[in-house]
Amino acid sequence: MTDSPLTTPIVFLLGPVPVTLPVVVTWGLMAAMTLGSALATRRLRVERPGRVQTVLELVVETLRRQIAETMQADATPFLPLLGTLFLYLAVANLSGLVPGLKAPTAFLETAAALALVVLLASQALGIRRRGLWPYLKGFAHPTPLLLPLNILSELTRAFSLSVRLFGNVMSGEFVIAIVLSLAGLFVPVPLMALELLLGLVQAYIFTVLAAVFIGGAVGTIEKG
């Protein structure tokens, strides 16, 4: 019988604190990505770059161009956050295709934590770019009567961001698990190929929406 998608398995206890499966998988992915980045960037050269360096530069430039087009601003200050967010989401979403692993983004806690990072980052970057008082006054635009609704809008956007990611990744893994239990090993292969594509698409959508929210907070685009 398939477990409920809302349950979070506990792997071990760290004193009184339970350490859950998505936390352990996230730690593993972060360690693997850090090690991979260190190995891939240890021999960077300005002249005659190797194949790995060429691929890395292509990925970074594609992310920079996409962020700049979305936010209608220089992407340099936002590339570390949004680029890291996209790479982590892509790896995390696809980790569910590895036998024995479950994507951490298929758990509501991970999706909510990522949405909280975007919410806090957008507020911090908005205050830094526009100043504290002008930024806070923006919540009372166009009339102070809309202040509660504008604050509620900020919170609901973060909530929708987390639910969208969790729902899409969890449903994909849930369908594959059901088909696998009913039809055996080979039938789900086309579904796994589709899940691979959807994992990358969900990482792209989450990152673009995060760029839109941050762009609205710093004032480079109109807040929706």
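Phe-139 has 9% relative accessibility, so it counts as buried (under 20% relative accessible area; exposed is over 50%, partly exposed in between, with a 1.4 Å probe and protein chains only). A word on ground rules: this is a predicted model, where local features need pLDDT of at least 70, side-chain atom pairs count only at pLDDT 80 or more, and totals for chains, interfaces and linings use all residues. Residues are numbered from 1 along each chain as its sequence is written, and side-chain values use heavy atoms, leaving out hydrogens and water.

**Exercise 1.** Find the ring that pairs with Phe-139 and classify the pair.

*Solution.* Start with the search: the whole structure gives one aromatic pair. Next, get the geometry: the ring centres of Tyr-135 and Phe-139 are 5.4 Å apart and the planes meet at 90°, so call it edge-to-face. The cut-offs are centres within 6.5 Å for rings of Phe, Tyr and Trp (its six-membered ring), with planes under 30 degrees apart stacked, over 60 edge-to-face and the rest tilted.

**Exercise 2.** Work out which ring has Lys-102 over its face.

*Solution.* Look at Phe-107: Lys-102 sits over that ring, 5.6 Å from its centre. To qualify, NZ of Lys or CZ of Arg must be within 6 Å of the ring centre and within 35 degrees of the ring normal.

**Exercise 3.** Compare the record's "transmembrane region" entries with the model.

*Solution.* Begin with the record: the unreviewed UniProt entry lists several spans, including 20-41 and 106-127. Those positions use the numbering here, feature names are shortened, and annotations may be inferred rather than shown by experiment. Then go to the model: residues 20-41 are 91% helix and 5% strand, with end C-alpha atoms 32 Å apart. Residues 106-127 come out at 91% helix and 0% strand, with end C-alpha atoms 32 Å apart. Last, zoom out: the chain has seven helices and two strands, running β-β-α-α-α-α-α-α-α from the N terminus.

How values were computed
Helix = DSSP H or I, 4+ residues; strand = E, 2+ residues; numbered from the N terminus.
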